[in-house]
Amino acid sequence: MTDLQNREAEISQIVVTAAQMREIEERIFAAGMPVVALMEKVAGLISRRLEAMIPPGKSRVGVLVGPGHNGGDALVVARELHFRGYEVWIYNPFNKLKELTGKHLQYAQSLGIPCYQAVEQLRDCDVLVDGLFGFGLERKLKDKIAVAINELNTWKQPIFSIDLPSGLHTDTGEALGTAIRATHTFCLGLWKLAFLQDRALDYLGNAELIDFDIPIADVEAVLKDVAKFTRITTAKAIANLPLPRRPVTHKYKEGHLLLVCGSHRYAGGAILTALGARASGVGMLSIAVPEYLKPILVSHLPEALVIGCPETETGAIAHLQLPEKTDLSTFDAIAIGPGLTIDATPIVQQVMESKRPLVLDADALNILAQIGTISTLQKRQAPTILTPHEGEFKRLFPNIPDIQQDKVKAVSQAALQSGAIVLLKGARTLIANAHGSLWLNPNSTPALARGGSGDVLTGIMGGLLAQAMKKQIAIEEVVATASWWHSQAGIIAAQERTELGVDAFTLTQYLMQAIVNCH
Ligand SMILES: NC(=O)C1=CN([C@@H]2O[C@H](COP(=O)(O)OP(=O)(O)OC[C@H]3O[C@@H](n4cnc5c(N)ncnc54)[C@H](OP(=O)(O)O)[C@@H]3O)[C@@H](O)[C@H]2O)[C@@H](O)CC1
Ligand SMILES: Nc1ncnc2c1ncn2[C@@H]1O[C@H](COP(=O)(O)OP(=O)(O)O)[C@@H](O)[C@H]1O
Ligand SMILES: [K+]
């Protein structure tokens with residue numbers, strides 16, 4: 001890789017809060033870079049991107065200007081587009097501007113660029129550029145500016161937001177009163193936390209990072225002693241796949257996974273989980289299911305060792321009946337939960353006692369919540385991964401009340417309290433460990449919002465985990481890689497089949513394509 005590619009790979013993984021971004025910028029200014037020069041550089045980069053995206057000639061560009069440096073960026077963009085031959089109109093309803101922003105406004109007006117205080121004046125513009133507020137916004141928007149943003153959101157033209165859609169909180173992604181619904185957002189310098197949060201997705205449009213050469217040393221200096229947020233990238237995920245295989249190997253060296261899943265009521269969950277595990281390439285796959293399901297599983301996965309277990313009256317697994325000379329320590333990893341039903345409590349308790357890395361999903365999480373999340377996990381002597389959706393999360397951690405307010409905080413607290421690695425499912429999945437670090441999955445598709453798609457994730461994760469136990473890959477990276485793989489398969493399947501065409505079984509059929517495409 002060239003130095004430039006290395007930088008791109010490194011920068012694309014970093015995620016910062018508003019306070020961290022400000023600290024990084026302050027270091028750059030303290031080192032001698034003038035604020036004016038940085039604004040000129042950043043806005044120059046945005047202008048060039050806009051010139052490539054907005055047809056020249058007949059386009060009228062409306063530029064929304066706020067009181068701070070986000071407005072300053074917007075005014076430099078307005079000036080540059082004016083000189084490139086676009087017709088530019090400015091909206092600025094503020095009486096008090098930061099000094100630099102005021103100077104840029106004065107110059108733009110001296111060039112004859114019209115400037116309006118009423119947003120309606122910009123209604124006929126072909127494109128809008130939003131520079132109202134950036135990472136400096138902390139107070140709720142109200143009155144005239146909130147009304148203006150709500151009005152703008154009813155218009156049809158594309159909106160390009162500078163740094164982030166005005167109104168969004170940089171860290172939580174919450175709309176502070178209201179926020180611009182952008183078509184495209186230019187995130188400046190480093191990815192801000194808001195870009196990886198579910199609640200921001202309706203506002204961001206296509207998000208693009210504009211790298212303006214922040215020295216990595218400054219980023220490292222600021223992030224050195226704090227909990228890290230890592231954006232999961234394709235390059236990192238691919239590097240953490242168990243590829244290439246060593247030439248001299250055998251099936252048990254490539255990981256042995258035990259899946260515990262299924263019931264009379266939920267047979268399909270077991271099949272989907274197993275198909276996810278199959279795609280992971282795991283060396284040996286054992287699947288414990290109720291006796292009644294054994295023939296069905298064998299017919300779908302002839303390569304797997306299917307263990308038929310005694311059943312409860314309701315058709316759940318009553319207890320694990322492993323083959324002779326086998327106990328739970330035989331396996332490199334265990335994944336338990338999909339389709340179990342709540343009647344499988346004894347088996348969850350049994351598996352929790354094993355000293356093997358464990359993925360708990362679905363009903364295993366509901367059972368864990370019933371038997372006591374924290375007290376049970378405290379007794380574990382091996383790593384545990386919990387993969388709840390929001391409902392399961394609330395049952396597991398009833399003492400964490402404000403999950404909606406701040407999911408990043410909630411999932412971090414859950415990991416801290418439980419000592420487990422917690423993957424909170426959603427439109428943008430979050431993963432936290434007990435040391436305060438977080439991994440965020442930036443790309444996914446609503447095509448995955450379908451019954452059974454989480455079961456596939458559990459299978460992939462279990463399979464990767466079993467293989468990772470034979471190698472030197474951190475478990476958090478395995479979890480992040482599984483989440484990436486799941487989403488990528490969904491994205492590719494949705495591209496080929498639309499967002500309606502990605503049922504969970506179909507998803508399993510795209511898992512290989514997702515990684516073949518990257519090699
Ligand atoms: N540092 C740099 O040189 C670089 C920064 N860059 C750019 O600067 C942006 C950050 O600039 P920023 O810090 O000036 O804050 P910004 O986001 O423009 O908004 C804050 C302003 O809004 C005001 N305000 C707040 N709440 C309000 C409300 N509810 N209703 C009304 N007003 C409200 C607040 O006023 P005050 O709180 O003082 O009343 C303040 O004036 C960043 O996102 C990026 O685009 C890049 O060019 C790279 C170089
Ligand atoms: N809107 C969405 N965008 C992206 N991914 C989604 C969306 N909704 C759900 N998903 C993903 O789909 C999966 C659903 O899992 P889960 O809720 O456990 O379903 P099930 O139990 O039916 O298998 C999770 O990995 C989740 O992150
Ligand atoms: K903005």
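**Close-up views of the two ligand sites**

**View 1. Residues around ligand 2 in the predicted model.** Ligand 2 is surrounded by 17 residues, of which the closest are Lys425, Gly426, Gly452, Ser453 and Gly454; a residue is near a molecule if one of its heavy atoms lies within 4 Å of it. This is a predicted model, in which local features need pLDDT of at least 70, side-chain atom pairs count only at pLDDT 80 or more, and totals for chains, interfaces and linings use all residues. Residues are numbered from 1 along each chain as its sequence is written, chains are lettered from A and ligands numbered from 1 in the order in which they are written, and side-chain values use heavy atoms, with hydrogens and water left out.

**View 2. Polar contacts of ligand 2 (pairs of N or O atoms within 3.5 Å).** A polar side-chain atom of Lys425 is placed 2.7 Å from an oxygen atom of ligand 2. Polar backbone atoms also take part: one of Gly426 lies 2.8 Å from an oxygen atom of the ligand, and one of Asp455 lies 3.1 Å from an oxygen atom of ligand 2. On its own, ligand 2 exposes 580 Å², and the protein buries 79% of that (accessible areas from the Shrake-Rupley method with a 1.4 Å probe).

**View 3. Setting of ligand 2.** Ligand 2 sits in the second largest pocket. A pocket is an open set of points on a 1 Å grid over the protein atoms alone, where a 1.4 Å probe fits, with protein on both sides within 12 Å along at least five of seven lines; a molecule sits in it if more than half of its atoms lie within 2 Å of its grid points. Helix H17 (residues 453-468) gives the largest share of the shell around ligand 2, 4 residues (helices are DSSP runs, H or I, of at least four residues). The shell of ligand 2 comprises 5 nonpolar, 10 polar and 2 charged residues, with Gly counted as polar.

**View 4. Ligand 1 and its contacts.** Around ligand 1 there are 22 residues, the closest being His69, Asp73, Lys98, Gly134 and Asp163. A nitrogen atom of ligand 1 is 2.9 Å from a side-chain N or O atom of Glu25. Oxygen atoms of ligand 1 lie 2.8 Å from a polar backbone atom of His69 and 2.6 Å from a polar side-chain atom of Asp163. Of the 930 Å² of accessible area that ligand 1 has on its own, the protein covers 82%.

**View 5. Setting of ligand 1.** The largest pocket holds ligand 1. Helices H2 (18-30), H3 (35-53) and H4 (69-83) each supply at least two residues of its shell. That shell divides into 10 nonpolar, 5 polar and 7 charged residues.

Key
A polar contact is a pair of N or O atoms within 3.5 Å; within protein, one must be able to donate a hydrogen and the other to accept it, and residues adjacent in sequence count only if both atoms are side-chain atoms. On a 1 Å grid over the protein atoms alone, a cavity is a set of points where a 1.4 Å probe fits but cannot get out, and a pocket is an open set with protein on both sides within 12 Å along at least five of seven lines; lining residues have an atom within 4 Å of a point.
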